[in-house]
Amino acid sequence: MENGVVAVNHEFKATSTITIKGILSLLMESIDENHDDSKRVISLGMGDPTLTTCFHTTQVAEEAVADTLLSHKFHGYAPTPGLLHARNAIAEYLSRDLPYQLSSDDVFITCGCTQAIDVSVALLARPGANILLPRPGFPIYELCAAFRQVEVRHYNLLPEKGWEVDLDDIEALADQNTVALVIINPGNPCGNVYSYHHLEKIAETAKRIGTVVISDEVYGHLAFGANPFVPMGVFGSIVPVLTLGSLSKRWIVPGWRLGWFVTNDPCGTFRKPKVVERIKKYFDLLGGPATFIQ
């Protein structure tokens, strides 16, 4: 200590990578500073349905939250994986579209889907690891990977095939250090919805390269084309799947910040004691959404 200042002997290593989201934030800040109201700026990267007055959540949902808050029973901390009855409800809801039944042990409640993304990357990170991300895709994945020092490798989506995954690209990019293949279905930003047959091919490819699939389904069931939404968890018996989702889009409540991280793994890879312990310990570090929202 010198002149009351403690010397720090280690360096904080910040990534030099600047993300698309970071650039957009700088642009928006510049616009705000100039106070130029002559032109309206619309962010195409903000998936907030509440910004338009024509979309509203159901009155039933609002009344349920209000009743829960006024009951005075949910002012305390929730268990770190989330309230048991909330996890049971999510497991029951997701199981409707699966050939097997999820349990509360498969479900961890997160502060929105963004936290679920960070959890999935953090849990799989290790020295030398790489992750396969779609191009175009959602920039938060790059940000989380850079922060965890996980190498990003982009595979292409094929516009001429309805933005399907380039499976040959994935096989060429993957190696022994590939820890996950990320898919976004329904697609963000392209809006595509993968067919059952294509998802099955993705599962078989992931199995062949020996990695898990992270399936971002935050827009689940918001499908307006010919293809119905099929959750990647349907193929959990082929390859382990981490399903990420939230209330935000389908229920038009992004500000409630309630998401989920779910292990779709009927073969039991994620149920090994050391894996379960690691997931639970990591969630002990996190703060989930407000108890009364759960």
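Student: Which residues lie nearest the centre of the second largest pocket?

Tutor: This is a predicted model, in which local features need pLDDT of at least 70 and side-chain atom pairs count only at pLDDT 80 or more, while totals for chains, interfaces and linings use all residues. Residues are numbered from 1 along each chain as its sequence is written, and side-chain values use heavy atoms, with hydrogens and water left out. A pocket is an open set of points on a 1 Å grid over the protein atoms alone, where a 1.4 Å probe fits and protein lies on both sides within 12 Å along at least five of seven lines; lining residues have an atom within 4 Å of a point. Of the 20 residues lining the second largest pocket, those nearest its centre are Ala89, Leu247, Leu258, Ile293 and Gln294.

Student: Which elements give two or more residues to the lining of that second largest pocket?

Tutor: Elements here are DSSP runs numbered from the N terminus, helices being H or I of at least four residues and strands E of at least two. By that criterion the contributors are α2 (59-70), α3 (84-95) and β8 (258-264).

Student: How do the residues of this lining divide into nonpolar, polar and charged?

Tutor: Ala, Val, Leu, Ile, Met, Phe, Trp, Tyr, Cys and Pro count as nonpolar, Asp, Glu, Lys and Arg as charged, and the others, Gly among them, as polar. The lining of the second largest pocket therefore divides into 16 nonpolar, 4 polar and no charged.

Student: What is the strand order of the open sheet of 8 strands?

Tutor: Two strands pair if DSSP finds at least two bridges between them. The pairing in this sheet is mixed, and the order is β1-β8-β7-β6-β5-β2-β3-β4.

Student: Why is one side of β1 and of β4 left without a neighbour in the sheet?

Tutor: β4 (164-165) is joined to β3 (residues 151-158) by 2 bridges, and these strands run antiparallel. Both β1 (107-111) and β4 stand at the edges, so each has a single partner strand.

Student: Which residue of β6 stands opposite Leu181?

Tutor: β5 and β6 run parallel and are joined by 5 bridges. In β6, the residue opposite Leu181 is Val213.

Student: How many residues of β5 are buried?

Tutor: Buried means under 20% relative accessible area, computed with a 1.4 Å probe on protein chains only. β5 is largely enclosed by the rest of the structure, because its buried residues number 7 of the 7.

Definitions and conventions
Buried < 20%, exposed > 50% of the residue type's maximum accessible area, 1.4 Å probe, protein only.
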